[in-house]
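This report describes the arrangement of strands, helices and selected loop residues in a single protein chain. The sequence and the structure are shown first, and the description follows.

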Amino acid sequence: MIRIEFLGVRGSVPTPGRQTLAYGGNTSGVLISFGNSPHHLFLDAGTGIVEAGNRLVSRSEAIEGRILITHAHSDHIQGIPFFKPLYQPQHQFSIHMPEQAGQNCEQVLKMLMAPAFFPVSTDAFNAKISYETQQPGTTAYPEGYSVTSLKANHPGNTFMYKIRIGDTDIVYCPDNEFIPDDKAMRSSMFDFFEGCDLVIHDSHESRLSYEKKRGWGHSAWEDIAELAYEAGVNQLYLTHHAPESTDADLDQRQQALSMMTRRPPVALFAREGQTVELNS
Ligand SMILES: [Zn+2]
Ligand SMILES: [Zn+2]
């Protein structure tokens, strides 16, 4: 059994408040867990990861984890300094990130926790940690899954990840601008999505708002729903909601999405705390 939990579905900046209670205000994060395995696979480390860390340390078990970060924009890493398992010696993590402006994964996290920004450095982490600078291509891991990394269309060096567990494919792509009339991009994204069981994708914009935000690095949700439908995706979860998208806005978008004929069988705007289970 593969369990996917949405820890944070907001893009850009945490957005707590009365207007985001239903969908949630924490920034990007997903946790994939595998039956009774002690291994935990985290996708991004926005503020959503903090509560998951608190929950994990309240149990007594040692955690083995991998944290795959798509890029170092703050909404994808700002939970790291507050992720308690990193400070406890019984746990073990590998943290992965593509190179960011000439800095490797370890250097980026050291900058995040430099004295100007945070009271303790990464030297305060007591868990056994390895830092990996993620490369494009596919890597098989001993925990029983492989990860394929592909460059996204987003400012800086941003990756999207495809996780293959047995015959099950899950795509995580929270920041990516899909340009529907770019044939080469359409073809490479189609190939990446094709036949996937579950795709989690950027839906920061709508077709209406996208017209004014071309080149900003985010997709219109309608375009992603159609592409996922064409590529035979079974379940689509739209994420990275704009800070200005209220619960009422997202409910409206959900209604419109549910009315579309060209969308995957399951097509939902993701909510913080939502879980999905897949049989592997
Ligand atoms: Zn983002
Ligand atoms: Zn970004």
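Predicted model: local features only at pLDDT ≥ 70, side-chain atom pairs only at ≥ 80, totals over all residues.

Helices α4 and α6 are oblique to each other. The basis for this is an angle of about 60° between the two helices, whose axes lie 9 Å apart. Helix α4 comprises residues 183-193, and α6 comprises residues 221-230. The crossing of α4 over α6 is right-handed. On the α4 side the contact is formed by M189, F190 and F193, and on the α6 side by L227, A228 and E230. By class, the residues of this contact are five nonpolar, no polar and one charged. As a general point, an α-helix has 3.6 residues a turn, so residues three or four places apart point the same way.

Strand β10, residues 168-173, runs parallel to β11 and is joined to β11 by four bridges. Within this pairing, V171 stands opposite V199 in β11. Strand β11, residues 198-202, in turn pairs with β12 in the parallel sense over five bridges. Here I200 has Y237 of β12 opposite. Strand β12 is also joined to strand β13, residues 266-269, by four bridges, again in parallel. In that pairing Q235 faces V266 of β13.

Both β11 and β12 are mostly covered. In β11, five of its five residues are buried. In β12, which spans residues 235-239, four of its five residues are buried.

The pairings described in this report are collected below.

| Strand pair | Sense | Bridges | Opposite residues |
|---|---|---|---|
| β10 and β11 | parallel | four | V171 and V199 |
| β11 and β12 | parallel | five | I200 and Y237 |
| β12 and β13 | parallel | four | Q235 and V266 |
| β1 and β2 | antiparallel | six | F6 and V30 |

**The open sheet of seven strands**

An open sheet is made of seven strands in the order β6-β5-β4-β3-β2-β1-β14, and its pairing is mixed. Strands β6 (128-134) and β14 (275-278) each have a single partner strand, so they form the edges, and one side of each has no neighbour in the sheet. From one strand to the next the twist averages 20°. Strands β1 and β2 of this sheet run antiparallel and are joined by six bridges, with F6 opposite V30 in β2. In general, strands of a sheet pair through backbone hydrogen bonds, either parallel or antiparallel.

Two helices lie across strands of this sheet. Helix α1 lies across β1, β2 and β3 and runs at about 125° to β1. Helix α3, residues 105-112, lies across β5 (92-98) and β6, and runs at about 100° to β5.

Which residues of helix α1 are buried? In this helix, residues 48-58, they are G48, I49, V50, A52 and G53. Their cover includes β1 (2-8), β2 (29-34) and β3 (39-43), the strands across which α1 lies.

**Loop residues around the sheet**

The loop between β3 and α1 contains G46 and D44. Leaving aside residues up to four places away in sequence, G46 touches G8, N26, T27, S28, G29, D75, H76, Q78 and G79. One of these, G8, lies 38 residues from G46 along the chain, yet their C-alpha atoms are separated by 7.1 Å.

D44 has a phi near 70°, a positive value in a residue other than glycine. With 29 C-beta neighbours inside 10 Å, D44 is counted as buried.

Positive phi also occurs at S12, at about 75°, although S12 is not a glycine. S12 is placed in the loop between β1 and β2. Is S12 buried or partly exposed? It has 19 C-beta neighbours inside 10 Å and therefore counts as partly exposed, since a buried residue needs 20 or more.

Methods. Residues numbered from 1 in each chain as written. Chains lettered and ligands numbered in written order. Buried ≥ 20, exposed ≤ 12 C-beta atoms within 10 Å, placed from the backbone. Pairing = 2+ DSSP bridges. Axes fitted to C-alpha atoms, helices over the stretch in contact; angles between N-to-C directions. Parallel < 35°, antiparallel > 145°, perpendicular 65-115°, else oblique. Left-handed = near helix turned anticlockwise from the far one by under 90°. Contact = placed C-beta atoms within 7 Å. Nonpolar A, V, L, I, M, F, W, Y, C, P; charged D, E, K, R; others polar.
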